[in-house]
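Subject: Structure for your review

Dear colleague,

Please find below the structure that I am handing over to you. My findings follow it, and I would be grateful if you could read them alongside the coordinates.

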Amino acid sequence: MKKRRGDFLFWLGVGYLVLLVIFAVTMPWARHHYLEAKGQPNIGPNAVYWLGTDEQGRDIVARLAYGALISLQVGFTVQILSLAIGILVGVLGVFAPRWIGVPLMRLTDGMFAFPDILLAILIIGVWSTGLFPVIVALAITAWPSVARLVFTQVASLKDREFFIASKALGARTPYLVFWHILPHLWGVLMAVSMIELAGTILAESALSFLGIGVQAPTPSWGSMINNARSDMNSNPLNLLWPCLILSLTIFALNFVGDGVRAMLDPKSRSDR
Amino acid sequence: MQLLKQILLRLSFGVVSLLFISFVTFVADEVAPGDAATIQAGEKARAEDVEALRRRMGLDRPWPIRYVEFVGNAVRLDFGNSYTGAREPVSKIILRGLSMTLRVASLAILLAAGLGILLGTIAAVRQNRFADRAVLTLSTLGVTVPNFVLAPVLVYIFALQLDVLPQTWEVNRVAPDFYYLLLPVVILALRPMAMLTRLTRASVVDTMQQEFVRLAVAKGVPPLRLVFKHVLRNALLPVVTAIGTSFGFLLTGSFIVERAFVIPGLGREAIEAIQKRDTPVIQATVLLAGALFILVNLLVDLLLPLLDPRIREAQV
């Protein structure tokens with residue numbers, strides 16, 4: 001019975017994410033002419049502006065959708081970058097000569113210890129605000145956790161029979177890594193990426209909320225929350241929508257990540 | 001002897017991490033456009049004047065020398081002057097913010113640790129009953145819902161609708177500080193609290209299955225005494241370590257909370273400095289936050305042997 005509940009949440013999360021992607025891809029295109037200030041400010045939901053307009057008379061649906069696009073863009077780019085760096089560093093940590101591997105893993109540990117998004121704030125602080133710096137800063141903050149995971153996984157795979165057998169047959173290290181190591185990692189990395197993706201989207205929104213992320217007029221969920229705070233007394237709904245869509249996205253990603261992990265590891269499923 | 005060796009090892013780890021953070025912040029200034037000389041010379045200065053000033057300020061020396069100097073100054077909390085405004089010394093700005101941030105953060109960690117351990121223990125003792133499920137659901141929410149969503153929502157409910165708490169921090173406060181700090185502290189505490197709750201629960205559940213607890217039950221130890229004296233004393237060690245790590249969440253969380261409630265703390269100074277591209281202030285705030293994080297974790301590590309005789313006596 002418990003198992004079914006986990007599966008239900010997993011599929012609920014998958015369903016929500018599919019809808020979100022469709023929303024993020026179609027809506028900015030379908031309603032792009034609503035993105036600039038057009039209507040009366042702060043009108044309620046109606047036939048033209050489905051969720052009403054914000055304090056500058058811009059369509060909230062269009063802004064939410066564009067914000068979703070930004071979030072997904074930042075999330076996926078950062079995940080791809082951090083996976084690439086993390087896998088590279090993790091594999092090098094095991095297979096490279098000690099004078100490369102050991103310092104690399106110490107660097108990873110050091111960066112991992114750096115609290116949360118503090119490093120991203122520092123990078124943005126001395127570089128610049130905007131979409132590109134945010135992506136780079138978050139990727140630099142995100143890779144150490146991937147690298148540590150890859151390092152421990154690779155270190156244990158290296159001692160398995162199939163690996164030793166292939167090595168004994170004369171396979172070279174690059175071949176071994178691509179054919180005998182990486183294929184085993186995809187599942188674990190998928191599960192971790194889903195949860196990390198939630199963290200990245202959250203971090204992007206937090207930076208935008210602080211006013212040092214994606215800059216106006218580009219909408220982001222974080223900056224929409226921040227803008228809506230100023231007159232939430234008269235327009236609480238304007239605050240509700242971005243909060244809702246952000247929270248739901250985070251929940252969905254966590255459910256999906258947990259689901260993937262449970263599928264990979266039958267033991268954790270029975271424990272829950 | 002063993003213990004002393006270990007303390008020294010931990011201390012040296014702490015020093016190395018601090019040096020790493022200081023190096024990152026130093027490099028940050030190196031790659032940032034403009035330096036103290038360009039700022040001090042002003043916008044209309046000629047290139048050769050800036051160059052002369054740079055030489056006088058010693059900014060033309062090779063970077064390893066300047067890094068050593070940077071660390072030496074940083075130890076004395078001397079980060080030069082702010083690039084903007086009244087060119088105040090950076091140390092004055094950050095010390096002002098630091099006292100406020102530490103006040104909020106320490107209240108939050110007290111709340112998080114106290115409630116987290118209490119709720120986690122209750123959940124573990126009532127395992128799989130209603131109280132357990134309620135606590136687990138709430139802590140999942142606490143970990144997942146971002147604090148910058150929670151802050152405006154709680155302000156809307158408690159300040160605007162119910163009108164029982166002030167909306168933001170104010171310079172002229174009419175009520176005791178407690179009322180102004182209540183919402184920020186609760187919001188800041190929520191995420192570490194949820195983490196500590198889950199950890200305490202897992203740890204207590206684990207400990208309760210051990211033999212010495214069964215022996216204590218068989219002996220007829222009263223339930224409260226059992227939980228506090230026998231179980232918690234053993235179960236709390238990983239929780240104490242986690243209090244140290246959750247301090248990192250508090251630091252970044254305070255950036256959010258200070259913006260949401262207009263509290264003049266370290267985080268708000270940092271964000272303002274970033275928006276004004278005031279590099280010395282950014283460096284100082286990040287360095288200080290990182291140093292605080294490392295020091296707190298170091299303290300926790302050093303505290304552990306005091307709590308656990310096993311670590312004190314036998315460890316490598």
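Which residues of chain B form a nonpolar patch on the surface? In this predicted model, the patch consists of Val153(B), Ile157(B), Phe158(B), Leu162(B) and Val164(B). Together these residues have about 390 Å² of accessible area. One of them, Leu162(B), is placed in the loop that lies between α7 and α8 (177-208) of chain B.

As for the overall architecture, chain B contains 13 helices and zero strands. Its C-alpha atoms fill a box of roughly 85 × 60 × 30 Å along the principal axes.

I turn next to the interface. On the side of chain B, 38 residues are in contact with 37 residues of chain A. The two chains, B and A, bury about 3,300 Å² between them, and carbon and sulfur atoms account for 79% of that area. Of the area that chain B buries against chain A, 18% is supplied by Thr144(B), Phe148(B) and Arg259(B), more than by any other three residues.

Several helices of chain B each contribute at least two residues to the side that touches chain A: α1 (2-31), α6 (130-144), α7 (147-161), α10 (223-260), α11 (266-275) and α12 (279-307). The largest share, eight residues, comes from α7(B). Sorted by class, the side of chain B that touches chain A comprises 26 nonpolar, nine polar and three charged residues.

Yours sincerely

How values were computed:
Residues are numbered from 1 along each chain as its sequence is written. Chains are lettered from A and ligands numbered from 1 in the order in which they are written. This is a predicted model: local features need pLDDT of at least 70, side-chain atom pairs count only at pLDDT 80 or more; totals for chains, interfaces and linings use all residues. Side-chain values use heavy atoms; hydrogens and water are left out. Contact means heavy atoms within 4.5 Å. Buried area is the accessible area (1.4 Å probe) that two parts lose on being put together, summed over both. Helices (H or I, at least four residues) and strands (E, at least two) are DSSP runs, numbered from the N terminus. Ala, Val, Leu, Ile, Met, Phe, Trp, Tyr, Cys and Pro count as nonpolar, Asp, Glu, Lys and Arg as charged, and the others, Gly among them, as polar. Patches are made of residues with over 30% relative accessible area and no salt bridge: like charges are joined within 9 Å, nonpolar side chains (Val, Leu, Ile, Met, Phe, Trp, Tyr) within 5 Å. Accessible areas come from the Shrake-Rupley method with a 1.4 Å probe; for residues, only the protein chains shown count as cover. A salt bridge is a side-chain nitrogen of Lys or Arg within 4 Å of a carboxyl oxygen of Asp or Glu.
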